[in-house]
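Dear colleague,

I am passing on the structure we spoke about, and I would be glad if you could look through it alongside the notes below.

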Amino acid sequence: MSKARESPAATGGAAAILLRYLQDQNRPHSAQDAFGNLQREHGLGKTAVVKALEQLAQQGKIREKAYGKQKIYFPDQDQFPTVSDSEFKALDNEISELSSKVQTLQQSCRHMESELKDLNGSMTTPEMIKEIEELKKDCASYTEKLERIKSAANHVTPEEKEKVYNEKKLYCKEWRRRKRMATELLDAILEGYPKSKKQFFEEVGIETDEDYNVTLPVAV
């Protein structure tokens, strides 16, 4: 199959667009650069762009330079007025000021992006209203429960609570002491007993904590 050819009219139209574009930009472009920048807006084909650039270069309307296999195109600088040193300096100052503004705007954008991220991760107003209502219900429930406890006639005073804890400590201590004494006594008897410990307990009728799954409380 033969390749589609661009018509002279299409090439001429592309040349006008490219000439105006290069003069406005006033910097070097490859054919690929020009095609990529203008294709979406003007619908130019790659072949039309290449032919138009070559045509403009042959007509002397733009300049062409080759770097290896690649060519770049730029407007003839003779058509532009000469810029004085003071104008260059003014342009440099303007570039510096604009660069500073760009940097400030970029920092502001990063700050706003961070705030936006935090806001997106936060609850919405309806979600917050619902959460507040749920918390109010919980608070009312706990308040009611607290009032019932305070109004109870059989509530335990701190002194009574302390007395119960002290008694528990005392009884647990005595429990350990007596269990240790009983264990030492039984071990002494079992040293001369010809049968097993289990048989001795059955004959004598001894019942242990373990028989009833009773565990000595941990000391507080």
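Predicted model: local features only at pLDDT ≥ 70, side-chain atom pairs only at ≥ 80, totals over all residues.

Helix H2, which spans residues 31-42, packs with helix H3, residues 46-58, at an angle of about 125°, and their axes are 9 Å apart. H2 is therefore oblique to H3, and the crossing in which H2 passes H3 is right-handed. On the H2 side the contact is made by Ala31, Gln32, Ala34 and Phe35, while H3 contributes Lys46, Val49, Val50 and Leu53. Sorted by class, the residues in this contact of H2 with H3 are six nonpolar, one polar and one charged.

Valine 49, which is found in helix H3, has a relative accessible area of 0%, and because buried means under 20%, valine 49 counts as buried. When its neighbours within four places in sequence are left aside, valine 49 is in contact with Leu18, Ala31, Ala34, Phe35 and Leu44. Tyrosine 67, by comparison, is 18 residues from valine 49 in sequence, and the two C-alpha atoms are 19 Å apart in space.

As for the cysteines, the count of disulfides comes to zero, with a disulfide taken as a pair of cysteine sulfur atoms within 2.5 Å. Cysteine 109 has a relative accessible area of 39% and is partly exposed, and cysteine 139, with a relative accessible area of 47%, is likewise partly exposed.

Notes. Residues numbered from 1 in each chain as written. Heavy atoms only, no water. Buried < 20%, exposed > 50% of the residue type's maximum accessible area, 1.4 Å probe, protein only. Axes fitted to C-alpha atoms, helices over the stretch in contact; angles between N-to-C directions. Helix = DSSP H or I, 4+ residues; strand = E, 2+ residues; numbered from the N terminus. Parallel < 35°, antiparallel > 145°, perpendicular 65-115°, else oblique. Left-handed = near helix turned anticlockwise from the far one by under 90°. Contact = heavy atoms within 4.5 Å. Nonpolar A, V, L, I, M, F, W, Y, C, P; charged D, E, K, R; others polar.
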